[in-house]
Amino acid sequence: MNMSMGLQLHTRKGDEAVHPKICVPLMGKNREALQDEWKQLRKKTVDLLEWRVDYFEKNRDVDLIIDIAEEIHRETTRPLLFTKRSEAEGGQAVSLNEDEVVQLYEAVIASAAVHGIDIELRQSEKNTQHLIEQARNQEIDVILSHHNFTETPPAQRLEEKIREAVDLGADVAKIAVMPQSKTDVLTLLQVTEKMSRTIPIPLISMAMGVNGMISRLAGGVFGSALTFASGAQASAPGQIPVADVEQVLRILNRNM
Ligand SMILES: O=C1C[C@@](O)(C(=O)O)C[C@@H](O)[C@@H]1O
């Protein structure tokens, strides 16, 4: 079984289900709010934390960001995923332009304060390759991600996105879609089932919204390596509180 050291996610082995890890997003707008969020998680089963830095007010203060990232890891001892989600893919509107986002990622990678970074596949190939190279030197995992907040593209398109992530050199591929029907949820799960058996890296997938909730609980059965669960707030539609997710996964893992 491959283990990416940074985020410690598992690649699926043959036909076996994956015991997915649980990641909780931190969305505080300042240090105090972030501290409140992670303190509330102390007694919860959380494998990873994601800092959604697009919610952070002082997003130009790189030294502060690195200092907080170090504090999060020191205090929680969980691998930390660093994400600046774009507005086009469900993130907050921020004043940073593309180059500034790349500079922020470069500084965070250089600090080695995080264990993984999320880069969207919409980012230019040049920037992506550059950041992957930097991250590799620091043994930081790179998730290459694609989110569609309005619909579920056809299976073939989703498979192409996953292949694109693999071909660009991702350590982990991720797709999130918005289902308009239960059939769309099945499409997402079917793609997950097929691709997680075929690609050499862990795959994370989810269908968002109420229709998609089942994918956040049962995605591991189909090969998804990680599920996002809400702590103080949900960072995407359909996220379920971490204690509920943990309960369901415990039942599945115990019996499978
Ligand atoms: O990409 C993802 C997945 C997500 O959008 C979800 O649907 O749970 C939540 C985001 O915080 C994270 O960056």
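Visitor: Does Lys-174 count as buried or exposed, and how many C-beta neighbours does Lys-174 have inside 10 Å?
Guide: This is a predicted model, and Lys-174 is found in strand 6. A residue needs 20 or more other C-beta atoms within 10 Å to be buried. Lys-174 has 25 such neighbours inside 10 Å, so Lys-174 counts as buried.

Visitor: Which residues does Lys-174 touch, not counting those up to four places away in sequence?
Guide: Contact here means C-beta atoms within 7 Å. With residues up to four places away in sequence left out, Lys-174 touches Ile-143, Ser-145 and Ile-204.

Visitor: Why does His-147 count as buried?
Guide: His-147 lies in strand 5. Leaving aside neighbours within four places in sequence, His-147 is in contact with Glu-89, Gly-90 and Ala-176. The cut-off for burial is 20 or more, and His-147 counts as buried because its C-beta neighbours inside 10 Å number 21.

Visitor: Which strands each supply at least two residues of the shell around the ligand?
Guide: The ligand is surrounded by 17 residues, the closest being Pro-25, Ala-176, Phe-228, Ser-235 and Ala-236. By class, the shell has six nonpolar, six polar and five charged residues. The strands that each supply at least two of the shell residues are strand 2 (48-52), strand 5 (141-148) and strand 6 (172-177).

Visitor: What radius of gyration does the chain have, and what would a compact globule have?
Guide: The C-alpha trace spans about 45 × 40 × 35 Å along its principal axes. With 256 residues, a compact globule would have a radius of gyration near 18 Å, which agrees with the chain's 17 Å.

Visitor: What is the mean pLDDT of the chain?
Guide: The model scores ipTM 0.98 and pTM 0.96. In the chain, 98% of residues reach a pLDDT of 70 or more. Where pLDDT is low, the predicted coordinates should not be read in detail. The mean pLDDT of the chain is 95.

Definitions and conventions:
Residues numbered from 1 in each chain as written. Predicted model: local features only at pLDDT ≥ 70, side-chain atom pairs only at ≥ 80, totals over all residues. pLDDT = per-residue confidence, 0-100. Rg over C-alpha atoms; globule rule 2.2 N^0.38 Å. Near = placed C-beta within 6 Å. Helix = DSSP H or I, 4+ residues; strand = E, 2+ residues; numbered from the N terminus. Nonpolar A, V, L, I, M, F, W, Y, C, P; charged D, E, K, R; others polar. Buried ≥ 20, exposed ≤ 12 C-beta atoms within 10 Å, placed from the backbone. Contact = placed C-beta atoms within 7 Å.
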